[in-house]
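Morning, everyone. Please have a look at the model on the screen while I talk.

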Amino acid sequence: MRKKGKIVVGVVVAIVIVLLLVGPLSIWRWVPVLRKPAVAYKVGAIFAVTGPAAWLGTPERNTAKMIEEEVNKAGGINGHPLEIIIEDTVGDPTRTVTAAKKLITKDEVLAIVGPSRSGTTMAVIPIVEEAKVPLVSCAAAEAIVVPVKRWVFKTPQKDSDAAMRIYETMREQGISKIAIITGTTGFGDQGRKQLKKLAPELEIEIVADETYGPNDTDMTAQLTKIKASEAQAVVNWSIVPGQVIVAKNMRQLGMKIPLFQSHGFGNIKYAQTAGEAGEGIIFPCGRLLAVDTLADDHPQKEVLAKYKKEYEAKHEEDVSTFGGHAWDGLQLVIAALREVGPDREKIRDYIENTKNFVGTGGIFNFSPEDHSGLTKDAFEMLTVKNGKFVVLK
């Protein structure tokens, strides 16, 4: 027994000597079970996955999961797995606030991408500002970033730029008298303000101004008033289902004047649902929905084509600008994490100083004075032709 004990002791001593000789790096190589797993980088995502704004939030959620899978398959971010924690707001401000607080205090995320809607984004701004957590919104209202909030950014093009591009197109078509009909959501309200503010500058006269609630299912009364006015065109500014209802009601009333929509129309499902009533609708949009028409040397072409191909192959549905907003936001956060690591303050600083970032919404140039990063040149004017989006000519 003593002999066996001496042998065991000798073996142990020999192993220790060998380990000391081969060095600490080799020890870790041969004993992987002793390594601590890399801490995941947690990023929050607040999307309206269900509810009336699901056509915004669902592609955003799908895009986020696709990015998470791609990043982790490639080894993560500097060796750290990416964990995207998605919360469904159902488009409701109260649920959005609750989701933001959970992500910040319980999940301790490094940044948040979303919300999907302008109103819900405005609801969480005080929370992220107080907690000092970077937020990259997927909503369009200029009020989200004007005036500048230290911790808040957004990726969709500004609603003021959308209104400007609509008015410029109208002037090119000889239209000077218009009617506006807008939803009373945060997005619709902000759009109405921009339309009214910019009209005099482009010598546009608003001869009718109507609104409708987010749950309204018929706008015939408002459109009847517009039909009786001198309007040469209608601008509708809302998100679903209002965009489709206005188009159908106009057709039912026999209205032949052009219908312009906001950049919130950037999902082909809207046109498909509107059917024949959607034909000829004109709206400003990022180049994602017209990528096939871009020149091969266009600076966005490669990014747009890659995202479109991967999304449509994985989810078997048409890509939308809304998923693109989430792509842009998440890629900005991921780029920051690669460069500065898991530090909220440094992530904020990195995004604020990002230049020439090629995204789906345009080429972003952020600054301390500009947390949107895009100009009106990020828009193309599109129209619906044979149930598809094509560049307006």
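I will go through a helix, a helix pair, a loop residue and some salt bridges. One caution before that: this is a predicted model.

Start with helix H9, residues 242–252. How many of its residues are buried? The count is 8 of the 11, so H9 is largely enclosed by the rest of the structure. Here are the buried ones: Gly242, Gln243, Val244, Ile245, Val246, Ala247, Asn249 and Met250.

Next, a helix pair. H6 covers residues 159–172, and H7 covers residues 186–198. Their axes are 9 Å apart, and the packing angle is about 50 degrees. Parallel, perpendicular or oblique? That angle makes H6 oblique to H7. The crossing is right-handed.

Now the residues in that contact. H6 contributes Asp159, Ser160, Ala163, Met164 and Tyr167. From H7 come Gln190, Gly191, Gln194, Leu195 and Leu198. Sorted by class, the contact of H6 with H7 has 5 nonpolar, 4 polar and 1 charged residues.

On to a loop. Thr360 sits between strand S11, residues 357–358, and strand S12, residues 363–364. Is Thr360 buried or exposed? With a relative accessible area of 4%, Thr360 falls under the 20% cut-off, so it counts as buried.

Last topic: salt bridges. Side chains of opposite charge can pair when their charged atoms come close. The count for this model comes to 20 salt bridges. I will take three of these pairs.

Pair one is Glu87 with Lys102, where the closest N and O atoms are 2.9 Å apart. Glu87 lies in strand S2, residues 82–88, and Lys102 in helix H4, residues 93–105, so the bridge ties together parts that are 15 residues apart in sequence. Glu87 is buried, at 17% relative accessible area. Lys102 is partly exposed, at 26%.

Pair two is Lys196 with Asp209, and here the closest N and O atoms are 3.6 Å apart. Lys196 is in helix H7 and Asp209 in strand S7, so this pair ties together parts that are 13 residues apart in sequence. Lys196 is partly exposed, with 41% relative accessibility. Asp209 is partly exposed too, at 29%.

Arg348 bridges to Glu352, the closest N and O atoms being 3.0 Å apart. Both partners belong to helix H13, residues 344–352. They are 4 residues apart, so about one helical turn separates them. Arg348 and Glu352 are both buried.

One more point on salt bridges. Which residues are joined into one network through shared partners? Glu87, Lys102 and Asp107 are.

To recap: H9 is largely enclosed, H6 is oblique to H7, and Thr360 is buried in its loop. Thanks, over to you.

Note on methods. Residues numbered from 1 in each chain as written. Predicted model: local features only at pLDDT ≥ 70, side-chain atom pairs only at ≥ 80, totals over all residues. Heavy atoms only, no water. Buried < 20%, exposed > 50% of the residue type's maximum accessible area, 1.4 Å probe, protein only. Helix = DSSP H or I, 4+ residues; strand = E, 2+ residues; numbered from the N terminus. Axes fitted to C-alpha atoms, helices over the stretch in contact; angles between N-to-C directions. Parallel < 35°, antiparallel > 145°, perpendicular 65-115°, else oblique. Left-handed = near helix turned anticlockwise from the far one by under 90°. Contact = heavy atoms within 4.5 Å. Nonpolar A, V, L, I, M, F, W, Y, C, P; charged D, E, K, R; others polar. Salt bridge = Lys/Arg side-chain N within 4 Å of Asp/Glu carboxyl O.
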